[in-house]
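Subject: Structure handover

Hello,

Here is the model we talked about, for your files. Please open it alongside this note.

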Amino acid sequence: MYGKGILEGLLVTLKHFFGTFIDDIRKGRKRYMTDEGVEYRRSKDVKGIFTVQYPEERLPTPENFRFVPFLVYDEKEDGTNEIRCTSCGICAKVCPPQCIWIEQTTNPKTGRPVPEPVKFFIDIDICMNCGFCADFCPFDSIKMDHYYEMASFDRTKTNILDLTKLSKPASYHAEIHPIHFAREEEIRRVKEQKREERRLAKEQRLNKFKSE
Ligand code: SF4
Ligand code: SF4
């Protein structure tokens, strides 16, 4: 029948419309503004309304969600922060729209480059959220953020992120990427262990050589 598809579509909408009232009576306000309610409305068993009432409600962000990148720094025991970035420039090279600018630190006495950025900018209006920078960084220094509420009226003042705005602690990275963080830490631990084993073996060889 001509128009049958449209009619069926409208009936689905109508079913959800009335289902909302029935579900509201049955479940009360529990299905709004609660994690349980959001979880129910995004499930396949939902009967009435299934939309999320943003910004009062938010969907949970999956670990692999990516918005704009941020730079990771480690909080040392002596209270100082150490940025992981070595300003190698790999992220800037692989960035498809070329929205990363890095300037390397220079030792004022020797004039030689220091493996640390003195300036680091990302234009988030150009960033296409591909995550290449995070994937290619050899030092786990740049990661993709979950924070997406960055709308503003003046892009020149707010949308070009500098080193201060980009830097976030490793604990934040661990919080939003628990699986990835645990994997990275395990790889780091194994590398450290191997390095220590090699050092001990070298020391033993040296001691043996000296005693002969
Ligand atoms: S974020 Fe990583 S890839 Fe980019 S410059 Fe720093 S160390 Fe190199
Ligand atoms: S996410 Fe992609 S586009 Fe954005 S800065 Fe990284 S490499 Fe460039």
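Below is what was found in it, by topic.

**Ground rules**

This is a predicted model: local features need pLDDT of at least 70, side-chain atom pairs count only at pLDDT 80 or more, and totals for chains, interfaces and linings use all residues. Residues are numbered from 1 along each chain as its sequence is written, chains are lettered from A and ligands numbered from 1 in the order in which they are written, and side-chain values use heavy atoms, with hydrogens and water left out.

**The two ligands**

Ligand 1 is surrounded by 13 residues. "Surround" here means that a residue has a heavy atom within 4 Å of the molecule. The closest are Cys85, Cys88, Gly89, Cys91 and Cys137. By class, this shell holds 9 nonpolar, 4 polar and no charged residues. The classes are as follows: Ala, Val, Leu, Ile, Met, Phe, Trp, Tyr, Cys and Pro are nonpolar; Asp, Glu, Lys and Arg are charged; the others, Gly among them, are polar.

Ligand 2 has 14 residues around it. Cys95, Cys127, Cys130, Gly131 and Cys133 are the closest. Its shell has 12 nonpolar and 2 polar residues, and no charged ones.

**The nonpolar cores**

The largest nonpolar core has 20 residues. Such a core is a set of buried Ala, Val, Leu, Ile, Met, Phe, Trp, Tyr and Cys residues joined through side-chain atoms within 4.5 Å. Buried means under 20% relative accessible area, exposed over 50%, and partly exposed in between (1.4 Å probe, protein chains only). Leu71, Ile100, Phe120, Ile122, Cys133, Ile142 and Leu166 have the most contacts inside this core. Helix H3 (90–94), strand S4 (113–123), helix H4 (132–136), strand S5 (142–144) and helix H6 (163–166) each supply at least two of its residues. Helices (H or I, at least four residues) and strands (E, at least two) are DSSP runs, numbered from the N terminus.

Another core lies apart from it, with 5 residues, including Phe70, Val72, Ala170 and Ile176.

Four residues deserve a look here.

- Ile122 is in strand S4. With a relative accessible area of 1%, Ile122 is buried. Beyond its neighbours within four places in sequence, Ile122 is in contact (heavy atoms within 4.5 Å) with Pro69, Cys99, Ile100, Ile142, Asn159, Ile160, Leu161 and Leu166.
- Val94 sits in helix H3. Val94 counts as partly exposed, at 24% relative accessibility. Outside four places in sequence, Val94 contacts Phe132, Cys133 and Phe136.
- Leu163 belongs to helix H6. Leu163 touches Leu71, Ile83, Pro117, Val118 and Phe120, not counting residues up to four places away. Leu163 and Phe120 are 43 residues apart along the chain, with 5.1 Å between their C-alpha atoms.

**The pockets**

The largest pocket holds about 430 Å³ of space. On a 1 Å grid over the protein atoms alone, a pocket is an open set of points where a 1.4 Å probe fits, with protein on both sides within 12 Å along at least five of seven lines; lining residues have an atom within 4 Å of a point. Grid points are joined across faces, edges and corners, and a volume is the space filled by probe spheres set on the points.

Its lining has 16 residues, and Arg84, Pro138, Phe139, Asp140 and Arg188 lie nearest the centre. By class, that lining is 4 nonpolar, 1 polar and 11 charged. Helix H8 (178–211) gives the most, with 9 residues.

The second largest pocket holds about 290 Å³. Of its 15 lining residues, Asn64, Ala134, Asp135, Met144 and His180 lie nearest the centre. H4, S5 and H8 each give two or more residues to this lining. The classes are 4 nonpolar, 5 polar and 6 charged.

**Backbone points to check**

- The peptide bond from Tyr54 to Pro55 is cis, with omega near 10 degrees. Pro55 is in the loop between helix H2 (35–41) and strand S1 (69–75).
- Asp140 is not a glycine, yet has a positive phi of about 50 degrees. Asp140 lies in the loop between H4 and S5.
- Met33 also has a positive phi, near 60 degrees. Met33 is partly exposed, at 48% relative accessibility.

Best wishes
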